[in-house]
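Hi,

Here is the model I said I would pass on. Have a look, and then read on for my notes on its charged pairs.

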Amino acid sequence: MNNIPNTHIAPSHLAAKAHPQAHGLSTALILLLATGAGLSVASLYYSQPMLGVLADDIGASERVVGMVPMSTQLGYALGILLLAPLGDRYDRRRIILIKAAVLTAALLLAGASSGVGMLLAASLAVGLSATMAQDIVPAAATLAPEQHRGRIVGTVMTGLLLGILLSRVVSGFVAENFGWRAMFVGAAASIALIGVAAWRGLPRFHPTTHMRYGALLGSLASLLKKHGALRRAALAQGVLSIGFSAFWSTLAVMLHGAPFHLGSAAAGAFGLAGAAGALAAPLAGRISDKKGPELVTRLGVGLATVSFAAMALSPWFSTEGQLVLIALAAIGFDLGVQATLVAHQTIVYSIEPGARSRLNAVLFVGMFIGMASGAALGSLALAQWGWIAVVGLATLTSILALVVRLWPGAAKAR
């Protein structure tokens, strides 16, 4: 019996006109999935390069404004925990459309915020509804045949990761030239457009379970208890994400001060360096298909650890040299973090095909708890001890993630 649930395509000009490829998915449909994942998850990161400008505009301290990305990441973790499992119970297409509408409204509210309290509330709502990305990725895994799953998930993740990283470039430029409010309004428009495209072109999915909501949430703990591979993946990705988030959540504030005195556009431009990490997604997927995902997790975490540690050398460089070092390190750790994530998804999606939304929820709850913790700890470390403390935090947490992946029995837990 086929473990992948049957799907059927809703009437759609996009789906009808696309030419099917050898792996069973049309290029247009893969592009829609990748774009939808990228635009939705980008909403989590638009605020990061704008924090220096935003703090001055609404009169918030560095420590308080650091709560904005933390609130967004926390909302995302809660949304994955409470909403993402619904993808196994209901048609994912309907869930994605509802979340697109809510996310559009939340971004407009963020753009209209008159104080930090309203902005924090809007950021929480953005995080909750941006979990539509975590409905899109399992949809891609469900539609993909097993022999090409790593490659197709990697391709969709490339869109998602480019959304994360290029969002910083776009928001930095827009904030500096048109104001931070314009960025949120533009983001809302992009989500509205992807909602229309999803309504026209996204396949419908039959549910794989008829559990009640309470039982559905309860099964998350059961899955976590049952599968050692899931526990390892969630823990390793979560710990690794602490350093990743600490870096990106504090970079704009650090560059805003001495000795750099750079604006939001310069901070956002570092996303171009980090965007190289998105290239790791399809490559990691292909290696996972051929050599196994365990090798990819260890290589990815190792690369991230070395890249974070390299930034500790910055006091011995000139101001210009420090900027180059940070850019090179961003390329390295983004490659490592994103390759590790794709490999972890390949591991997790192979456990129980009928529970992919819930398995994905567990993995990403761990990841975004790490992201929220990293945003808070990074802001605290920068305020109390300076940039070198952020670098130390990122290096230490990456080493811990490597220990999890190298711990005896990791390969047997796949």
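How many salt bridges does the structure hold? Seven, where a salt bridge is a side-chain nitrogen of Lys or Arg within 4 Å of a carboxyl oxygen of Asp or Glu.

Before the details, some housekeeping: this is a predicted model, where local features need pLDDT of at least 70 and side-chain atom pairs count only at pLDDT 80 or more, while totals for chains, interfaces and linings use all residues. Residues are numbered from 1 along each chain as its sequence is written, and side-chain values use heavy atoms, with hydrogens and water left out.

Start with Lys-99 and Asp-135, whose side chains form a salt bridge at 2.8 Å, N to O. Lys-99 sits in helix H6 (residues 92-111) and Asp-135 in helix H8 (residues 133-143), so the pair ties together parts 36 residues apart in sequence. Helices here are DSSP runs (H or I, at least four residues), numbered from the N terminus. Both Lys-99 and Asp-135 are buried; buried means under 20% relative accessible area, exposed over 50%, and partly exposed in between (1.4 Å probe, protein chains only).

Next, Asp-88 and Arg-92 meet through their side chains at 3.5 Å, N to O. Asp-88 is buried at 1% relative accessible area, and Arg-92 is buried too, at 4%.

Last, Arg-298 pairs with Glu-294, their closest N and O atoms 2.9 Å apart. The two lie four residues apart in helix H15 (residues 293-310), about one turn of the helix. Arg-298 is partly exposed at 29%, whereas Glu-294 is buried at 5%.

Cheers
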